[in-house]
Amino acid sequence: MSAHRLLNSRFIALAIILLACTFLRLPPALFRTPEGSLRSLVALHPQPGSDQLGFDEALYRDYTDKLIRFGLISYPEIVERYREKQQTLTGSILPPVRFLYIFSAYLWHQLFGSATLSCLKNVSAVFTMFTLLLVTVFAARVGGFCYAIGVGALIVFAPTQLHMSQHALVDGFFTFWAMLVLWSLWENLRAPKDWRWLLLYTVALTATILTKENAFFVWVAVVAILIANHWLKFGTVTRELLLATVVGPTLGVVLLGMLTGGAGPLIATYQLSVSKNYELKYAILTGDGPWHRYLVDLMLVSPIVLLLAIGSVFNLARAKKAEWFFLIFIAASYLVMCNVKYGMNLRYANMWDLPLRVLAFSQILVLIGFVAQRWRSIALFAAVGLTCALEMRNYVVMAVEYPLYELVSPELMRGLKILKSPADLK
């Protein structure tokens, strides 16, 4: 194939990936409602089986409603009302300090006038699309056009990415900012003292703090990567990069303090939320488990990707900088996340989707190395295509044919018919 035709075919493949990503992540309302502009294509769109309004979704809607009605200046009062309500409850409810997600839904309402819940779902859908764009560019910077297409295709059909795009939950939104931190960190290591990458890195760290409290897991993983750089030589760690690693989160905490009415109210809000979580029956029933629970849940949702990613660990060489970079991110954040009491949920692991698929694609490249040279392109296409098909099938079984909502072990096993629900026995 000529260089021109090869380049054209790659751009066509990339365009197909982006179009597939956009279509699969579109909100279900566009296909379901009589006034939906895409209702004629409903047969092609995997409609989620669960249309319930989750407890957390209702809280996000209420916080956004209050922000729409009373404006940004009322945010300290919204936080105070949360504390008053939380003190009367036996269990924890999510606090309104996940500001950036709520504020994004508020901006969507101001721009388009949509209903509050639709605003939240639309923000979730759009940011999972942004994640795919970010992943594609990041993968291209790491491994070239081949990585951009391969990793991008695997992300398009990732079941947890698809699930997060269809619900008014913060985790998919948070993944975008976590991956922006990871990408800007990579670029800072490769291009030291470039103020543009430093600025992006600082903004991304600030955004993670403003989005969700488990930004701490991302920060721990970033620090682990910076320490590992001493041996693995991803790039150059400068004073400016270390300063940005501290300034970004600090700025996020300061902004949250201003929004909640000061340092005292912010600390009190977090303390109240965490302490009450240990008394929440739902968290005790679904958020507990051994350290390897995330591995079990990932095996249920994305077995092929997980096995390929684990296999890549055995092929790691010092020269594979990108693979080490992503592996350390997973390992360091996993170490913290699996030790949070009553706080394990596969939703929180949404930020591992990119690192796992980079490792999986790297292993696919190793495996097709045993194929004759002239058949390798076909073998690569077939391997990635088969993996994507199995991922999509898993999503359909769990979240379309079964009304999956929470990504907890019992529900995942019911979705896969490993566990039977009482209704199944009738």
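Visitor: How many aromatic pairs does a search of the whole structure find?

Guide: The search finds 26 aromatic pairs across the whole structure. Two rings of Phe, Tyr or Trp (for Trp, its six-membered ring) pair when their centres lie within 6.5 Å; planes under 30 degrees apart are stacked, over 60 edge-to-face, and the rest tilted. A word on the source: this is a predicted model, where local features need pLDDT of at least 70 and side-chain atom pairs count only at pLDDT 80 or more, while totals for chains, interfaces and linings use all residues. Residues are numbered from 1 along each chain as its sequence is written, and side-chain values use heavy atoms, with hydrogens and water left out.

Start with Phe176 and Trp177. Their pair is edge-to-face, with 5.0 Å from centre to centre and 80° between the planes. Both residues are buried. Buried means under 20% relative accessible area, exposed means over 50%, and partly exposed lies in between (1.4 Å probe, protein chains only). Ring pairs also join Phe176 and Trp177 to a cluster with Tyr60, Tyr101, Phe127, Phe130 and Phe173.

Now the helices. Helices are DSSP runs (H or I, at least four residues) and strands are too (E, at least two), numbered from the N terminus. Take α6 (residues 116-143) and α7 (residues 145-156): their axes come within 7 Å and cross at roughly 150°. Axes are lines fitted to C-alpha atoms, for helices over the stretch in contact, and angles run from 0 to 180 degrees between N-to-C directions. The crossing of α6 past α7 is right-handed. Contact means heavy atoms within 4.5 Å. The classes are 10 nonpolar, three polar and no charged residues. Ala, Val, Leu, Ile, Met, Phe, Trp, Tyr, Cys and Pro count as nonpolar; Asp, Glu, Lys and Arg as charged; the others, Gly among them, as polar.

Next, α11 (residues 215-232) packs with α17 (residues 321-337) at about 135°, their axes 8 Å apart. So α11 is oblique to α17. Under 35 degrees is roughly parallel, over 145 roughly antiparallel, 65 to 115 roughly perpendicular, and the rest oblique. The crossing is again right-handed.

Another pair is α16 (residues 303-313) with α19 (residues 376-400), at about 135° with axes 8 Å apart. Here too, α16 is oblique to α19. Pro303, Ile304, Val305 and Leu308 in α16 meet Thr387, Leu390, Glu391 and Asn394 in α19. Five of these residues are nonpolar, two polar and one charged.

Loops deserve a stop. Most residues other than glycine have a negative phi. Lys193 has a positive phi, near 70°. Lys193 sits in the loop between α9 (171-190) and α10 (195-211). Its relative accessibility is 59%, so Lys193 counts as exposed. Lys233 also has a positive phi, about 55°. Its place is the loop between α11 and α12 (239-260).

Finish at α1 (residues 3-25), which holds Ile12. Ile12 is exposed, because its relative accessible area is 52%. From Ile12 to Leu298 is 286 residues in sequence and 31 Å in space, C-alpha to C-alpha.

Methods. A crossing is left-handed if the near helix is turned anticlockwise from the far one by less than a right angle, and right-handed if clockwise.
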